[in-house]
Amino acid sequence: MEFSLDLNSEQRELRDWVHGFAAEAVRPAAAEWDEREETPWPVLQEAAKIGLYGFEFLANAWADPSGLSMCLANEELFWGDAGIAMSIMGTSLAVAAIFGNGDPEQLAEWVPQCFGTESEPAVAAFCSTEPEAGSDVAAMRTRAVYDEATDEWVLNGQKAFATNGGIAAVHVVTASVDPSLGSRGQAAFVVPPGTPGLHSTRKLKKLGLRASHTADVFLDDVRLPSSCLLGGRERLEERLAKARSGERSGGQASMRTFELSRPTVGAQALGIARAAYEYALDYAKQRVQFGRPIIENQGIAFALADMKMEIDAARLLVWRAAWMGRNNRPFSAGEGSMSKLKAGEVAVDVTSRAVQILGGAGFTREHPVERWYRDAKIYTIFEGTSEIQRLVIARAISGMPLR
Ligand SMILES: Cc1cc2nc3c(=O)[nH]c(=O)nc-3n(C[C@H](O)[C@H](O)[C@H](O)COP(=O)(O)OP(=O)(O)OC[C@H]3O[C@@H](n4cnc5c(N)ncnc54)[C@H](O)[C@@H]3O)c2cc1C
């Protein structure tokens, strides 16, 4: 479909509906859950009740042929609060991995379990990063070995920084099935609820996104029925054979998941940036120094002008990439990476300027800008750091095997 900046009535409705929930249920709860550093189950339950948390919501948003609905929903929800919003949206990373790599039966079996029920929502985790394999996905050490005798996969290894790790009903775990092939020898597995051998010991205390649970996950002789290999054995063997023969393959499990989600992640960063910009604009109109509102100083007004311009510029990149992804356009210049890189850096810059505009008040917990400043920083780190996004773009535009 053609790219358009004119939102249709369904998109506007979705945006306004999510905004309403963000304003009424998320923003007012933000400070409490940030302090508690716990998953906000009551808010999740509210989201499930109104249909904002669940597969139907994601499927409808993904179905939008323009690609924009997921961006609209994420921007609004993260405008409310990033930590709570990540608790709501974190599951979608695992669901996207099942959707992107699994077959229809796997989708039908596991996706409902990722979300739980309306009255008892569950969360899911996507576990790819490891202590020795962050940006360098090919360095993954977690091994999956097929046991012919029992028709099971046996997983051993350690995952790091997993959103919802250990508290998830369903964990989607990437593992190496053929280490000699690097990232092309990896596959994604579903670890069903209650599987022995998967455990988590350490919940991480973080700078931001504190309402979202992040933890290490250990896999000790985790035995999985062969049906837990996403996409099935035949497809895996075909992919491995291609890789062994040096032929290009469709890509490895975790990279494909990241590709699908980059503009959405950019939209999350935009939500935080917009919240901070709006708050700082209001404050600058109210706060009087030297007998006039501080916005009457060009130093402040120009900062706000730049903040607004950068947010809008980032949104254009995010929407373009979302549209390109949905409409199968080739990312010839790393446009997906561009969108996440720009939005992440804008969020860090805008929230920092917002703290500055509030002065001492901005540094205190009396105002939310300090939280937004802390939350924004993750957007230059996860889902590929800013440096890695630049690497993707530089490789795409140069055609060179840059390191
Ligand atoms: C709150 C939070 C939630 C997360 N959620 C998940 C999750 O749900 N699932 C999951 O799998 N992971 C998750 N992660 C992990 C996240 O994706 C990684 O932290 C990220 O990919 C970076 O890896 P690393 O931390 O090992 O950094 P490293 O790879 O060690 O990088 C350290 C620094 O070196 C730079 N660097 C590395 N290589 C290069 C290079 N070639 N050129 C230039 N610079 C380079 C990086 O850009 C960075 O600045 C999460 C992390 C956090 C903090």
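User: Why are helix 5 and helix 6 called oblique to each other?

Analyst: Their axes cross at roughly 135 degrees and come within 6 Å. Angles under 35 degrees count as roughly parallel, over 145 as roughly antiparallel, 65 to 115 as roughly perpendicular and the rest as oblique. Helix 5 and helix 6 are therefore oblique. Axes here are lines fitted to C-alpha atoms, for helices over the stretch in contact, and angles run from 0 to 180 degrees between N-to-C directions. Before we go on: this is a predicted model, where local features need pLDDT of at least 70, side-chain atom pairs count only at pLDDT 80 or more, and totals for chains, interfaces and linings use all residues. Residues are numbered from 1 along each chain as its sequence is written.

User: What makes a stretch such as residues 68-80 count as helix 5?

Analyst: Helices are DSSP runs of H or I with at least four residues, strands are runs of E with at least two, and both are numbered from the N terminus. Helix 5 covers residues 68-80 and helix 6 covers residues 82-89.

User: Which residues of helix 5 and helix 6 meet?

Analyst: Asn-74, Leu-77, Phe-78 and Gly-80 of helix 5 meet Ala-82, Ile-84, Ala-85, Ile-88 and Met-89 of helix 6. Contact requires C-beta atoms, placed from the backbone, to lie within 7 Å. By class, this contact has seven nonpolar, two polar and no charged residues. Ala, Val, Leu, Ile, Met, Phe, Trp, Tyr, Cys and Pro count as nonpolar, Asp, Glu, Lys and Arg as charged, and the others, Gly among them, as polar.

User: At what angle do helix 12 and helix 14 pack?

Analyst: Helix 12 (residues 335-358) and helix 14 pack at about 145 degrees, with axes 9 Å apart. Their contact has four nonpolar, four polar and three charged residues.

User: What surrounds the ligand?

Analyst: There are 22 residues around the ligand, and the closest are Gly-134, Ser-135, Thr-163, Thr-385 and Glu-387. A residue is near a molecule if its C-beta atom, placed from the backbone, lies within 6 Å of it. The shell has eleven nonpolar, seven polar and four charged residues. Strand 1 (124-127), strand 3 (152-163) and helix 14 (386-398) each supply at least two of its residues.

Note on methods
Contact = placed C-beta atoms within 7 Å.
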